[in-house]
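Please look through the sequence and the model below before reading on.

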Amino acid sequence: MAILLLSLPPHPPIPPKNPKPTAPKVTPPQPTIALTDSTTSKRRFILKSTSLFLISLTPQQYPVAHSSPEASAPPRPSLSGIANTKSWFQFFGDGFAIRVPPQFQDVSEPEDYNTGLSLYGDKVKPKTFAARFASPDGYEVVSVVIRPSNSLKITFLEAKDITDLGSLKEAAKIFIPVGSTVYSARTIKIKEEEGFRTYYFYEFGIQEQHAALVAAVNGGKTYIAGATAPQSKWNDDGVKLRSAAISMTVL
(Lines give C-alpha, C1' and ligand atoms only; values in the text may rest on other atoms or scores of the structure.)
Protein backbone atom coordinates (compact mmCIF):
# COMPACT_ATOMS: atom_id res chain seq x y z
CA MET A 1 0.00 0.00 0.00
CA ALA A 2 1.50 3.31 -1.07
CA ILE A 3 2.25 5.90 1.59
CA LEU A 4 3.67 9.36 1.00
CA LEU A 5 7.29 9.41 2.12
CA LEU A 6 9.25 12.48 3.09
CA SER A 7 13.02 12.26 3.46
CA LEU A 8 15.14 14.16 5.94
CA PRO A 9 18.74 15.12 5.15
CA PRO A 10 21.31 13.29 7.28
CA HIS A 11 23.10 15.27 9.97
CA PRO A 12 26.62 16.39 8.85
CA PRO A 13 29.49 14.64 10.65
CA ILE A 14 31.40 16.62 13.32
CA PRO A 15 34.98 17.36 12.07
CA PRO A 16 37.92 16.29 14.30
CA LYS A 17 39.90 18.92 16.21
CA ASN A 18 43.24 18.16 14.52
CA PRO A 19 42.48 17.02 11.02
CA LYS A 20 45.26 15.25 9.15
CA PRO A 21 45.88 15.84 5.47
CA THR A 22 44.28 12.72 4.13
CA ALA A 23 42.39 11.99 1.01
CA PRO A 24 38.84 13.26 1.13
CA LYS A 25 36.50 10.65 2.48
CA VAL A 26 33.25 10.09 0.66
CA THR A 27 30.36 9.61 3.08
CA PRO A 28 27.83 7.16 1.70
CA PRO A 29 24.30 8.50 1.52
CA GLN A 30 22.31 7.92 4.67
CA PRO A 31 18.99 6.13 4.46
CA THR A 32 16.00 8.36 4.25
CA ILE A 33 13.55 8.45 7.10
CA ALA A 34 9.97 7.78 6.17
CA LEU A 35 7.53 10.24 7.65
CA THR A 36 4.00 11.21 6.88
CA ASP A 37 2.58 14.73 6.83
CA SER A 38 0.30 13.89 9.71
CA THR A 39 -1.09 10.88 11.48
CA THR A 40 -4.64 11.81 10.50
CA SER A 41 -3.96 12.20 6.79
CA LYS A 42 -1.97 8.95 6.73
CA ARG A 43 -4.80 7.04 8.40
CA ARG A 44 -7.40 8.47 6.02
CA PHE A 45 -5.27 7.56 3.02
CA ILE A 46 -4.79 3.99 4.24
CA LEU A 47 -8.51 3.54 4.91
CA LYS A 48 -9.41 4.98 1.51
CA SER A 49 -6.98 2.65 -0.27
CA THR A 50 -8.21 -0.38 1.62
CA SER A 51 -11.84 0.59 1.01
CA LEU A 52 -11.24 0.81 -2.73
CA PHE A 53 -9.64 -2.62 -2.58
CA LEU A 54 -12.62 -4.15 -0.77
CA ILE A 55 -15.07 -2.50 -3.17
CA SER A 56 -13.16 -4.17 -5.98
CA LEU A 57 -13.91 -7.51 -4.31
CA THR A 58 -17.66 -6.94 -4.40
CA PRO A 59 -19.63 -8.46 -7.23
CA GLN A 60 -18.60 -7.18 -10.67
CA GLN A 61 -19.13 -10.27 -12.85
CA TYR A 62 -15.41 -10.70 -13.40
CA PRO A 63 -13.98 -13.19 -15.86
CA VAL A 64 -12.87 -16.48 -14.40
CA ALA A 65 -10.48 -15.84 -11.55
CA HIS A 66 -7.17 -17.65 -11.75
CA SER A 67 -4.00 -18.15 -9.79
CA SER A 68 -0.96 -16.22 -10.88
CA PRO A 69 1.98 -18.61 -11.38
CA GLU A 70 4.53 -15.82 -10.98
CA ALA A 71 3.40 -14.83 -7.50
CA SER A 72 5.09 -16.46 -4.54
CA ALA A 73 2.19 -17.92 -2.61
CA PRO A 74 2.41 -18.18 1.19
CA PRO A 75 1.66 -21.50 2.86
CA ARG A 76 -1.84 -22.69 2.03
CA PRO A 77 -4.08 -21.72 4.96
CA SER A 78 -6.61 -24.07 6.42
CA LEU A 79 -9.75 -23.40 8.37
CA SER A 80 -8.00 -24.89 11.39
CA GLY A 81 -6.14 -21.57 11.62
CA ILE A 82 -9.08 -19.88 13.30
CA ALA A 83 -9.13 -18.01 16.60
CA ASN A 84 -11.85 -18.29 19.21
CA THR A 85 -13.89 -15.11 18.71
CA LYS A 86 -16.50 -15.58 21.44
CA SER A 87 -14.88 -12.91 23.62
CA TRP A 88 -14.85 -10.34 20.77
CA PHE A 89 -17.45 -7.63 20.43
CA GLN A 90 -20.33 -8.78 18.21
CA PHE A 91 -21.74 -6.18 15.85
CA PHE A 92 -25.33 -6.62 14.68
CA GLY A 93 -26.18 -5.09 11.31
CA ASP A 94 -29.07 -5.26 8.87
CA GLY A 95 -29.64 -8.99 8.66
CA PHE A 96 -26.19 -10.10 9.81
CA ALA A 97 -23.81 -10.23 12.74
CA ILE A 98 -20.01 -10.24 12.80
CA ARG A 99 -17.31 -10.39 15.46
CA VAL A 100 -14.89 -7.45 15.60
CA PRO A 101 -11.21 -8.00 16.49
CA PRO A 102 -10.03 -6.30 19.70
CA GLN A 103 -8.93 -2.66 19.36
CA PHE A 104 -10.54 -2.32 15.92
CA GLN A 105 -12.47 0.93 15.52
CA ASP A 106 -15.78 1.58 13.79
CA VAL A 107 -15.00 3.60 10.65
CA SER A 108 -18.37 3.20 8.94
CA GLU A 109 -19.84 6.00 6.88
CA PRO A 110 -21.81 8.47 9.02
CA GLU A 111 -25.57 8.10 8.87
CA ASP A 112 -27.43 10.69 6.82
CA TYR A 113 -30.74 10.94 8.59
CA ASN A 114 -32.23 13.11 5.83
CA THR A 115 -31.82 10.56 3.04
CA GLY A 116 -35.12 8.86 3.81
CA LEU A 117 -37.15 12.05 4.24
CA SER A 118 -37.62 12.93 0.58
CA LEU A 119 -41.22 13.82 -0.37
CA TYR A 120 -40.63 13.31 -4.08
CA GLY A 121 -39.63 9.67 -4.20
CA ASP A 122 -35.94 10.30 -4.79
CA LYS A 123 -33.97 7.09 -4.83
CA VAL A 124 -31.89 6.77 -1.69
CA LYS A 125 -28.23 6.04 -2.39
CA PRO A 126 -27.27 2.79 -0.66
CA LYS A 127 -24.37 2.78 1.74
CA THR A 128 -21.16 1.36 0.35
CA PHE A 129 -20.50 -0.64 3.51
CA ALA A 130 -23.02 -2.16 5.88
CA ALA A 131 -20.22 -2.27 8.47
CA ARG A 132 -16.55 -1.35 8.48
CA PHE A 133 -13.90 -1.62 11.19
CA ALA A 134 -10.18 -0.84 11.05
CA SER A 135 -7.10 -1.44 13.15
CA PRO A 136 -5.64 1.61 14.95
CA ASP A 137 -3.06 2.14 12.18
CA GLY A 138 -5.69 1.70 9.46
CA TYR A 139 -3.82 -1.03 7.58
CA GLU A 140 -6.19 -3.88 8.49
CA VAL A 141 -9.89 -3.57 7.66
CA VAL A 142 -12.92 -5.78 8.26
CA SER A 143 -16.01 -4.85 6.22
CA VAL A 144 -19.43 -6.15 5.29
CA VAL A 145 -21.16 -5.36 1.98
CA ILE A 146 -24.77 -6.21 1.09
CA ARG A 147 -25.92 -6.54 -2.52
CA PRO A 148 -29.16 -7.74 -4.15
CA SER A 149 -28.53 -11.27 -5.38
CA ASN A 150 -30.17 -10.60 -8.74
CA SER A 151 -27.56 -7.91 -9.39
CA LEU A 152 -24.88 -10.60 -9.22
CA LYS A 153 -26.60 -13.26 -11.27
CA ILE A 154 -29.79 -12.96 -13.27
CA THR A 155 -32.36 -15.31 -11.77
CA PHE A 156 -36.13 -15.56 -12.10
CA LEU A 157 -36.57 -16.72 -8.53
CA GLU A 158 -35.40 -15.08 -5.32
CA ALA A 159 -32.07 -16.50 -4.20
CA LYS A 160 -32.38 -18.16 -0.82
CA ASP A 161 -28.93 -19.75 -0.53
CA ILE A 162 -25.47 -19.00 -1.89
CA THR A 163 -25.71 -22.16 -3.99
CA ASP A 164 -28.35 -20.37 -6.07
CA LEU A 165 -25.48 -18.27 -7.44
CA GLY A 166 -23.60 -21.39 -8.51
CA SER A 167 -21.09 -23.82 -7.09
CA LEU A 168 -18.06 -22.73 -5.08
CA LYS A 169 -16.00 -22.66 -8.28
CA GLU A 170 -18.66 -20.92 -10.34
CA ALA A 171 -19.27 -18.23 -7.71
CA ALA A 172 -15.56 -17.45 -7.63
CA LYS A 173 -16.13 -15.60 -10.91
CA ILE A 174 -18.32 -13.19 -8.97
CA PHE A 175 -16.32 -12.69 -5.79
CA ILE A 176 -12.64 -13.01 -6.73
CA PRO A 177 -10.98 -10.39 -8.98
CA VAL A 178 -9.23 -11.71 -12.07
CA GLY A 179 -5.49 -12.07 -11.64
CA SER A 180 -5.72 -13.03 -7.97
CA THR A 181 -3.64 -15.78 -6.43
CA VAL A 182 -6.17 -18.08 -4.78
CA TYR A 183 -4.91 -19.73 -1.60
CA SER A 184 -8.06 -21.44 -0.39
CA ALA A 185 -11.71 -21.96 -1.30
CA ARG A 186 -14.09 -23.81 0.99
CA THR A 187 -17.78 -24.51 1.48
CA ILE A 188 -19.01 -24.06 5.05
CA LYS A 189 -22.40 -25.35 6.21
CA ILE A 190 -23.95 -23.94 9.37
CA LYS A 191 -26.89 -25.69 11.02
CA GLU A 192 -29.91 -23.49 11.61
CA GLU A 193 -33.45 -24.13 12.85
CA GLU A 194 -34.79 -24.77 9.35
CA GLY A 195 -31.81 -26.75 8.10
CA PHE A 196 -28.34 -25.82 6.92
CA ARG A 197 -27.13 -22.54 5.45
CA THR A 198 -24.18 -22.58 3.06
CA TYR A 199 -21.35 -20.07 3.18
CA TYR A 200 -18.57 -19.74 0.60
CA PHE A 201 -15.09 -18.92 1.88
CA TYR A 202 -12.26 -17.63 -0.32
CA GLU A 203 -8.76 -16.51 0.59
CA PHE A 204 -6.58 -14.86 -2.03
CA GLY A 205 -3.99 -12.20 -2.71
CA ILE A 206 -3.76 -9.45 -5.29
CA GLN A 207 -1.48 -6.41 -5.68
CA GLU A 208 0.42 -6.98 -2.41
CA GLN A 209 -2.89 -7.30 -0.55
CA HIS A 210 -4.25 -10.39 1.18
CA ALA A 211 -7.96 -10.98 1.70
CA ALA A 212 -10.33 -13.45 3.30
CA LEU A 213 -13.91 -13.32 2.07
CA VAL A 214 -17.08 -15.06 3.21
CA ALA A 215 -20.37 -14.81 1.31
CA ALA A 216 -23.89 -16.00 2.10
CA VAL A 217 -27.39 -15.38 0.77
CA ASN A 218 -30.67 -14.78 2.55
CA GLY A 219 -33.96 -13.33 1.31
CA GLY A 220 -32.61 -12.30 -2.06
CA LYS A 221 -29.62 -10.46 -0.57
CA THR A 222 -25.97 -11.45 -0.68
CA TYR A 223 -23.89 -10.70 2.41
CA ILE A 224 -20.15 -10.40 1.85
CA ALA A 225 -17.68 -10.12 4.74
CA GLY A 226 -14.11 -9.28 3.84
CA ALA A 227 -10.93 -8.88 5.88
CA THR A 228 -8.00 -7.25 4.09
CA ALA A 229 -4.43 -6.28 4.94
CA PRO A 230 -1.05 -5.91 3.25
CA GLN A 231 0.67 -9.28 2.86
CA SER A 232 3.37 -8.19 5.32
CA LYS A 233 0.70 -7.59 7.97
CA TRP A 234 -1.17 -10.80 7.16
CA ASN A 235 1.84 -12.88 8.06
CA ASP A 236 1.32 -11.85 11.71
CA ASP A 237 -2.40 -11.15 11.90
CA GLY A 238 -3.85 -13.51 9.30
CA VAL A 239 -5.51 -15.82 11.82
CA LYS A 240 -7.25 -12.89 13.49
CA LEU A 241 -8.46 -11.40 10.20
CA ARG A 242 -9.56 -14.74 8.75
CA SER A 243 -11.47 -15.44 11.97
CA ALA A 244 -13.27 -12.10 11.76
CA ALA A 245 -14.45 -12.80 8.21
CA ILE A 246 -15.62 -16.32 9.04
CA SER A 247 -17.48 -15.06 12.12
CA MET A 248 -20.13 -13.40 9.96
CA THR A 249 -23.53 -15.02 10.35
CA VAL A 250 -26.72 -14.27 8.44
CA LEU A 251 -29.68 -13.67 10.76
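## Strands that pair

Strand 1 and strand 2 run antiparallel and are joined by four bridges, where two strands are said to pair if DSSP finds at least two bridges between them. This is a predicted model, in which local features need pLDDT of at least 70 and side-chain atom pairs count only at pLDDT 80 or more, while totals for chains, interfaces and linings use all residues. Residues are numbered from 1 along each chain as its sequence is written, and side-chain values use heavy atoms, with hydrogens and water left out.

Strand 2 also pairs with strand 10 in the antiparallel sense, over two bridges. Together these strands form an open sheet of three strands in the order 1-2-10, with antiparallel pairing, and its edge strands, which pair on one side only, are strand 1 (89-92) and strand 10 (249-250). In general, strands of a sheet pair through backbone hydrogen bonds, either parallel or antiparallel. The table gives one bridge from each pairing.

| Residue | Bridge partner | Strand of the partner |
|---|---|---|
| Gln-90 | Arg-99 | strand 2 |
| Ala-97 | Thr-249 | strand 10 |

The hairpin of strand 1 and strand 2 has three residues between the strands, and in this hairpin Gly-95 takes a positive phi near 90°.

## The chain as a whole

The protein chain has three helices and ten strands, both being DSSP runs numbered from the N terminus (helices are H or I with at least four residues, strands are E with at least two). From the N terminus on, the order of these elements is α-β-β-β-β-β-α-β-β-β-β-α-β. Of the contacts in the protein chain with a separation of 6 or more, 66% are between residues 24 or more positions apart, a contact being heavy atoms within 4.5 Å.

## The interior

Buried residues make up 38% of the 251 residues in the protein chain; buried means under 20% relative accessible area, exposed over 50%, and partly exposed in between (1.4 Å probe, protein chains only). A nonpolar core is a set of buried Ala, Val, Leu, Ile, Met, Phe, Trp, Tyr and Cys residues joined through side-chain atoms within 4.5 Å. The largest nonpolar core has 26 residues, of which Ile-98 and Met-248 touch the most other members. Among the elements that each supply at least two residues of this core are strand 2 (96-100), strand 7 (195-206) and helix 3 (231-246). A second, separate core of 18 residues includes Ala-172, Phe-204, Ala-215 and Ile-224.

Leaving aside neighbours within four places in sequence, Met-248 is in contact with residues including Ala-97, Ile-98, Val-144 and Tyr-199.

In helix 2, the buried residues are Leu-168, Ala-171, Ala-172, Ile-174 and Phe-175. These residues lie on the same side of helix 2, because they cover an arc of only 155° around the axis, the arc being that of the directions from the helix axis to the C-beta atoms.

## Two single residues

Is His-210 buried or exposed? His-210, which is found in strand 8, counts as buried because its relative accessibility is 2%. The side chain of His-210 makes a polar contact with the side chain of Glu-203 (2.8 Å) and another with the side chain of Gln-231 (2.8 Å). A polar contact is a pair of N or O atoms within 3.5 Å; within protein, one must be able to donate a hydrogen and the other to accept it, and residues adjacent in sequence count only if both atoms are side-chain atoms.

Leu-157, by contrast, is exposed, with a relative accessible area of 71%, and has its place in the loop between strand 5 and helix 2 (168-175).
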